[in-house]
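Open the model in your viewer and keep the selection tool ready. The tour below goes from one selection to the next and says what is there.

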There are 2 protein chains.
Amino acid sequence: MPAVSQRAQSMPASPIRKLMPYAESAKERGITVLHLNIGQPDIESPPEFWRAVRTTDIKTLEYSHSAGIAALRAKAAEFYSRQGIIVSADEVIVCTAGSEALSFAMLGCLNPGDEVIVPEPLYANYLGFSCAAEVNVVPLTTRIEHDFRLPSSEEFEAKVTPKTKAVLINNPGNPTGSVYTRGQLEQLRDLALRHDLFLISDEVYRDFNYTSEPVVSVLQLGGLERHAVMVDSVSKRFSLCGARIGFFVSRNPELNAGALKLAQARLAPPTLEQIGVLAALEAPASYFDTIREEYRSRRDLVVSRLRSMPGVRVPQIDGAFYAMVELPIDDGDRFCQWLLESFQHQGHTVMFAPASGFYETPGVGHRQVRIAYVLNQERLDLAMDCLEVALAQYPGRLEPAARA
Amino acid sequence: MPAVSQRAQSMPASPIRKLMPYAESAKERGITVLHLNIGQPDIESPPEFWRAVRTTDIKTLEYSHSAGIAALRAKAAEFYSRQGIIVSADEVIVCTAGSEALSFAMLGCLNPGDEVIVPEPLYANYLGFSCAAEVNVVPLTTRIEHDFRLPSSEEFEAKVTPKTKAVLINNPGNPTGSVYTRGQLEQLRDLALRHDLFLISDEVYRDFNYTSEPVVSVLQLGGLERHAVMVDSVSKRFSLCGARIGFFVSRNPELNAGALKLAQARLAPPTLEQIGVLAALEAPASYFDTIREEYRSRRDLVVSRLRSMPGVRVPQIDGAFYAMVELPIDDGDRFCQWLLESFQHQGHTVMFAPASGFYETPGVGHRQVRIAYVLNQERLDLAMDCLEVALAQYPGRLEPAARA
């Protein structure tokens, strides 16, 4: 019997999805599971999207250009330029979601065995893409007690080796909710220039920003023309997770040529979804204002409920729609499984993502869980009720003395 | 300036698309380009697909399951079973087109540096995926004078090394139009068992079969439960190239577990297109009968026109919708470019894919071009007129004496 490849064996299972069988089993027992484990917003996708896909008069659904429909590339460039990120259409490659843009960045910037420094906790799927690309993720641990802020230049410096080829950040952060400041990013820019590293920035949550300052894109930092790669997606911004449309954006012509060859190998991104997204990009700015205010209220609700629970540590959360929190429990994996297997509160339970899958360094953050606040406030409130009751009942809870 | 990765640099440009700038320039000069360079059928996609995507009452386009919508996996398994390929829904993973299924097969079966034996001329994108996966393609040349038939067991045997982990075939073949017989496939099965190799079979053209015998799937060969992987797609069968929906099908539970982890890393295939494909799979069998008859007529037309042209060598073509032919010219790349740059016939020219990109062995097949007969018969006839006139005018044509 032929052996499955090493990379398929060592590929991490998704921490977001690995508890799904327990959730399905809870549902079979009649329990309502409140899904705060996955970043699937409940907001309706823009009507412009639906109108475009419903009214298209295409008869044959053909391949698009490998880099995406020309009008969509132009529209995306215009969209970015309105946000102060000045790029041209040929610096934008339409991808099958941010996932593929990330994969193009990994494959295009790094050789097998090369190292990419990534602040952790990190978006778990970075580990999957790096495994497929045979690239080594070098984690740089950030701390909940420091609000998971971007590490200093010196901390990054200490991780640089001759194999380092890139730094990968997620801003605003999943799972941390951090938004990096211009000053922090400029330090990172200087490091990238000093060591000639690619700076890959996953900015899919850019519009989910609850601070008074705009989020600074890596493409807005001077001097990084050859070093900066922005990974973007419409999944969160337009509540179009299922559309699988994202963007790889860079001003480095050699890198773009490489990404285009990767794009040609898989032929094209989905055509119909591109047609819908082209229309969605024309949605009025007010479409997103409402959404941001809704998420701000959700954040406020979740943070305030969590802060009222004894022994729960909540960092400052400025963006995205996640809270990485530390609970007074023995272990996040066990707790999340117990919630699905052995707990209910008035016929409900809640599903979180254990933090273990978001750390590459073993053992770090083992009391943490990630909460995606993607449900309406009534259901979020109910989910927080569940958590509060569960923390009192959970056999592996830490008593106040042990928490010190 | 950081260097782009080696794999991005060595990634082959798509031979199907690299001449596009010349085609665009011809169009700007007012010339109509007949596109026989890419496997984009002109047939209309099934009305069932359009009805489903237009009438869905979804408001939020959510992620599907990483392995695809459960109903679609079940429907695909039922579809295969009707064709005599008995698989269960959990042996089917929905992919973002056959491209992704191929990529999962490469990444899941082979480690970096491992070898996969592939008969050539081969589907050019195999080279792109193998490059991204750091896998070495070992080509096994097949000959136009033998109708590109599957090499014998002995010929495969001669290519096996300790690094060989898989054989990859395309049946029916792109670019060759070959359909492999059960006897040939059984020889290959025995080889796979003898050397414990994965046998990956790209069967996206299975329904484009003009022989009197059904195409034999690799999943219909006994004893290969752990070794066989079928790569499939709806792109050609349902004229849904732009939908980007395909299937990875295997009965090997370890391999399927690995493929599922790869699937989880990229989250999900496009949701809306899955909804449409689920409906398309319910199209009556007669939908495809009409298409097959149309393609059979196109094949007959193209083969008969080509056989009437002096010095043109045409193999037997039993399936898919391609003809790999040898022309009385100095070089396929130069000829294809000349057709776009310097030729026209009554305001038209024709675009083919030069064969060089379909061979991994340098220099082989340099007088060959691939013709995709994906236009209606009137336009195909016009394209053949163009070719006939072009062969008489082309400065690099071989005179009859030189052809011997």
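This is a predicted model: local features need pLDDT of at least 70, side-chain atom pairs count only at pLDDT 80 or more; totals for chains, interfaces and linings use all residues.

**Stop 1: strands in chain A**

Select strand 3 (residues 115-120) and strand 5 of chain A: they run parallel and are joined by 3 bridges. Strands pair here if DSSP finds at least two bridges between them; strands (E, at least two residues) and helices (H or I, at least four) are DSSP runs, numbered from the N terminus.

Residues are numbered from 1 along each chain as its sequence is written, and chains are lettered from A and ligands numbered from 1 in the order in which they are written.

One partner pair to display is I169(A) with S201(A) in strand 6 of chain A. Now trace the chain from strand 5 through helix 8 (residues 182-195) to strand 6 of chain A: this β-α-β crossover is right-handed (with the strands pointing away from the viewer, the path from the first strand over the helix to the second runs clockwise).

**Stop 2: the core**

Return to strand 5 (residues 164-170) of chain A, where 7 of 7 residues are buried (20 or more other C-beta atoms within 10 Å of the residue's own, with C-beta atoms placed from the backbone). Which residues have the most contacts inside the largest nonpolar core? They are V167(A) and V167(B), in a core of 268 residues. Such a core is a set of buried Ala, Val, Leu, Ile, Met, Phe, Trp, Tyr and Cys residues joined through C-beta atoms within 7 Å.

Centre on V167(A). Beyond its neighbours within four places in sequence, its contacts include V116(A), F156(A), L188(A) and L199(A) (contact: C-beta atoms, placed from the backbone, within 7 Å).

**Stop 3: the two chains**

Show both chains: 68 residues of chain A are in contact with 68 residues of chain B. Helix 9 of chain A gives the most to the side that touches chain B, with 7 residues.

Finally, superpose chain A on chain B: a turn of 180° and a shift of 0.0 Å along the axis give an RMSD of 0.0 Å (least squares on the C-alpha atoms of residues with pLDDT of at least 70 in both). That is the relation of a two-fold axis. Select R54(A), which of the residues of chain A comes closest to the rotation axis, at 2.3 Å (C-alpha).

Conventions: A residue is buried if 20 or more other C-beta atoms lie within 10 Å of its own, exposed if 12 or fewer, and partly exposed in between; C-beta atoms are placed from the backbone. Two residues are in contact if their C-beta atoms, placed from the backbone, lie within 7 Å.
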